[in-house]
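Subject: Structure handover

Dear colleague,

I am handing over the structure that we discussed, and my notes on what was found in it follow below. Please read them with the model open.

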Amino acid sequence: VIFQDFVNDVTFGVQYQQEELFKYFRAQVDNSLHAGWSPKDIIICTNLDFEYKDVTIIRLEHECKFNKYFNKQYGIWELLDKGLITEPFWFHDFDDWALQKFDFPEFNGDIGICKYPWGQFNTGSIFVKPESIDIWRLIMDFMIENKKHPAVDNKGDENIVNMVHDMYPEIQSRFSSLNNQYNVGCTQFEMRYDAADKPIYVGAFKPDNSINVNKFIEKDLLSAEILDIFKKNEIS
């Protein structure tokens with residue numbers, strides 16, 4: 001998880017307080033440990049003073065000050081550039097949840113990523129191979145060089161990643177579109193669920209939104225243990 005935040009500034013349409021973010025971080029750690037991952041393989045990159053259960057906390061040097069949405073791409077590049085991670089890894093947003101433990105998927109190319117039903121890449125859950133470092137540098141440089149362009153300045157990172165992918169044909173074969181079982185979110189939920197192979201490995205939702213949580217409960221995707229983790233961490 002990469003989350004560089006300026007507390008009390010609006011993030012993802014929400015003005016988060018630090019403790020609210022920490023509740024999500026702790027729930028992510030508890031959920032990953034419950035699924036069976038080792039603490040040393042759980043990495044949270046943040047500029048906030050967070051520690052929990054011996055997981056790896058990394059304070060990154062490069063921070064996007066002009067658009068905090070871009071920090072996940074900055075962070076992925078820095079992790080690879082500094083050799084902080086040297087093997088394939090799963091990046092996910094702070095509100096994308098492992099519904100069970102799974103292996104790194106097999107795919108061609110260097111970046112595995114799911115699509116929305118309308119065809120755009122969704123950057124909430126990304127499988128990264130170290131060989132993709134040049135692509136992340138390209139995306140980051142594009143963000144920096146065009147930061148004042150109106151087509152870039154107010155857009156989230158998803159739009160920019162898709163824009164760079166479409167503008168540079170030479171990198172397109174290095175992206176693989178993964179089955180939706182690695183990212184079922186709330187937007188057009190039924191279509192994404194129906195298109196996904198089963199079991200579903202990753203669900204994207206905020207546990208404090210009962211309407212969205214109920215979509216996953218009705219499909220029997222959330223175990224009692226996961227729901228207890230949300231409750232214990234006061235995010236349900």
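Ile-133 touches Trp-77, Leu-80 and Asp-81, where residues up to four places away in sequence are not counted and contact means heavy atoms within 4.5 Å. This is a predicted model, in which local features need pLDDT of at least 70 and side-chain atom pairs count only at pLDDT 80 or more, while totals for chains, interfaces and linings use all residues. Residues are numbered from 1 along each chain as its sequence is written, and side-chain values use heavy atoms, with hydrogens and water left out.

Ile-133 is found in helix H3 (residues 133-145); helices (H or I, at least four residues) and strands (E, at least two) are DSSP runs, numbered from the N terminus. At 27% relative accessibility, Ile-133 counts as partly exposed, given that buried means under 20% relative accessible area, exposed over 50%, and partly exposed in between (1.4 Å probe, protein chains only).

H2 and H3 pack at an angle of about 140°, with their axes 9 Å apart, the axes being lines fitted to C-alpha atoms, for helices over the stretch in contact, and the angles running from 0 to 180 degrees between N-to-C directions. That angle makes H2 oblique to H3, since angles under 35 degrees count as roughly parallel, over 145 as roughly antiparallel, 65 to 115 as roughly perpendicular and the rest as oblique. H2 passes H3 in a left-handed crossing, a term used if the near helix is turned anticlockwise from the far one by less than a right angle, with right-handed used if clockwise. The contact is made by Gln-73, Tyr-74, Ile-76, Trp-77, Leu-80 and Asp-81 of H2 and, on the side of H3, by residues including Ile-133, Trp-136 and Arg-137.

Just after H2, Gly-83 takes a positive phi of about 70°.

Helix H1 (residues 18-35) and helix H9 (residues 224-232) pack at an angle of about 155°, with their axes 9 Å apart, and that makes H1 roughly antiparallel to H9. The contact is made by Ala-27, Asp-30, Asn-31 and His-34 of H1 and by Glu-225, Ile-226, Ile-229 and Lys-232 of H9, and H1 passes H9 in a right-handed crossing.

Turning to the strands, S6 (residues 111-115) is mostly covered, with four of its five residues buried. Five bridges join S6 to strand S7 (residues 121-128), and these two run antiparallel, where two strands pair if DSSP finds at least two bridges between them. Cys-114 has Asn-122 as its bridge partner in S7, and in the hairpin of S6 and S7, which has five residues between the strands, Gly-119 takes a positive phi near 105°. Three bridges join S6 to strand S8 (residues 175-177), which run parallel, and Gly-112 stands opposite Ser-176 in S8.

Finally, an open sheet of three strands has the order S1-S2-S3, with parallel pairing. Its edge strands are S1 (2-3) and S3 (56-58), each of which pairs on one side only.

With best wishes
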